[in-house]
Amino acid sequence: MANKVIVLAGTAGTGKSTVADILIKNHSARYPDVRFIEGDTLHPPSNVEKMSAGIPLVDEDRWGWLEKVANVSSETAKEHGLCIAACSSLKKKYRDFMREKRPDTIFYFVFLYGTKQEVLGRLERRSQHFMKATMMESQFKDLELPLEGEPHCCIVHIDGKSFEQVEEDTKEKVSKMFAE
């Protein structure tokens with residue numbers, strides 16, 4: 001059986017880590033040993049330095065990080081039954097790269113999507129994160145939401161929704177993807 005990894009994707013400030021807690025609770029009956037990986041903790045120091053200095057990452061900065069996220073989450077899923085990972089996965093080629101690196105794994109990409117205005121408001125309220133609101137523009141420039149037909153992907157819109165609505169939408173869409 002293939003390893004299962006739910007990747008909470010999207011720009012910074014969309015609530016990936018918060019939604020991860022909900023998915024862990026929702027899937028713990030079937031996967032009592034489910035684990036969460038915060039992809040940001042897997043960035044090499046050079047990426048963190050760039051982002052901390054307000055310099056957006058480019059593709060060349062991301063390949064090694066994406067490979068590490070793919071490998072760590074896949075190995076975690078193999079050991080624990082299911083892994084939930086927060087990883088922006090902004091471009092289709094990034095998602096394809098992760099799939100190619102770990103063909104033994106089904107990556108379920110759940111995009112939490114909010115408009116620039118919504119996300120900017122959220123980022124401005126965050127002080128502890130290295131992703132600064134000024135870098136949001138580069139993430140939206142890189143963002144390629146999955147199109148119909150891209151395997152194991154869904155989009156959860158967050159604008160104007162309560163956390164409970166986002167939670168319900170996410171649980172429903174993940175259940176549908178798991179049933180495919």
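Predicted model: local features only at pLDDT ≥ 70, side-chain atom pairs only at ≥ 80, totals over all residues.

User: Why is His 152 called partly exposed?

Analyst: Buried means under 20% relative accessible area and exposed means over 50%, with partly exposed in between. The relative accessible area of His 152 is 24%, so His 152 is partly exposed.

User: What is the phi of Ser 89, and in which loop is Ser 89 found?

Analyst: Ser 89 also has a positive phi, near 45°, and is not a glycine. The loop that holds Ser 89 runs between strand S3 (83-86) and helix H4 (92-101).

User: What makes Ser 89 count as buried?

Analyst: Its relative accessibility is 0%. The cut-off for buried is under 20%, so Ser 89 counts as buried.

User: How are Lys 176 and Lys 173 classed, as buried, partly exposed or exposed?

Analyst: Lys 176 lies in helix H7. At 53% relative accessibility it passes the limit of over 50%, so Lys 176 counts as exposed. Lys 173 is found in helix H7 too, but its relative accessible area is 29%, between the two limits, so Lys 173 is partly exposed.

User: How many residues apart along the chain are Lys 176 and His 152, and what separates their C-alpha atoms?

Analyst: Lys 176 and His 152 are 24 residues apart along the chain, and 9.6 Å separates their C-alpha atoms. For Lys 173 and Thr 11 the separation is 162 residues in sequence and 19 Å in space, C-alpha to C-alpha.

User: Why are Cys 87 and Cys 154 called buried?

Analyst: Cys 87 has a relative accessible area of 1%, under the 20% limit, so it is buried. Cys 154 has 11%, also under 20%, so it is buried as well.

User: What makes S1 largely enclosed by the rest of the structure?

Analyst: Strand S1 covers residues 3-9, and 7 of its 7 residues are buried, so the strand is largely enclosed. In a regular strand the side chains alternate between the two faces of the sheet. In S1, Asn 3, Val 5, Val 7 and Ala 9 point one way, while Lys 4, Ile 6 and Leu 8 point the other way.

User: Why are S1 and S4 said to pair, and what of strand S4 itself?

Analyst: Two strands pair if there are at least two bridges between them. S1 and S4 have 7 bridges and run parallel, so they pair. Asn 3 stands opposite Thr 105, and Val 5 opposite Phe 107. Strand S4 (residues 105-113) has 7 of its 9 residues buried, so it too is largely enclosed by the rest of the structure.

User: Over how many bridges do S4 and S5, and S1 and S3, pair?

Analyst: S4 and S5 pair over 5 bridges, in the parallel sense; here Phe 111 stands opposite Ile 155. S1 and S3 pair over 4 bridges, also parallel, with Leu 8 opposite Ala 86.

User: Which residues lie nearest the centre of the second largest pocket?

Analyst: They are Cys 153, Cys 154, Ile 155, Met 177 and Glu 180, out of 14 residues in the lining. S5 and helix H7 (163-179) each supply at least two lining residues. The lining divides into 7 nonpolar, 2 polar and 5 charged residues, and the space in this pocket is about 230 Å³.

User: At which residues does UniProt place the feature "domain: APS kinase"?

Analyst: The unreviewed UniProt entry places this feature at residues 4-113. Over that stretch the chain is 47% helix and 21% strand, and the end C-alpha atoms are 22 Å apart.

Conventions
Residues numbered from 1 in each chain as written. Heavy atoms only, no water. Buried < 20%, exposed > 50% of the residue type's maximum accessible area, 1.4 Å probe, protein only. UniProt positions renumbered as here; feature names shortened; annotations may be inferred. 1 Å grid on protein atoms, 1.4 Å probe; cavity = no way out; pocket = protein on both sides within 12 Å on 5 of 7 lines; lining within 4 Å. Points joined across faces, edges and corners; volume = space filled by probe spheres on them. Nonpolar A, V, L, I, M, F, W, Y, C, P; charged D, E, K, R; others polar.
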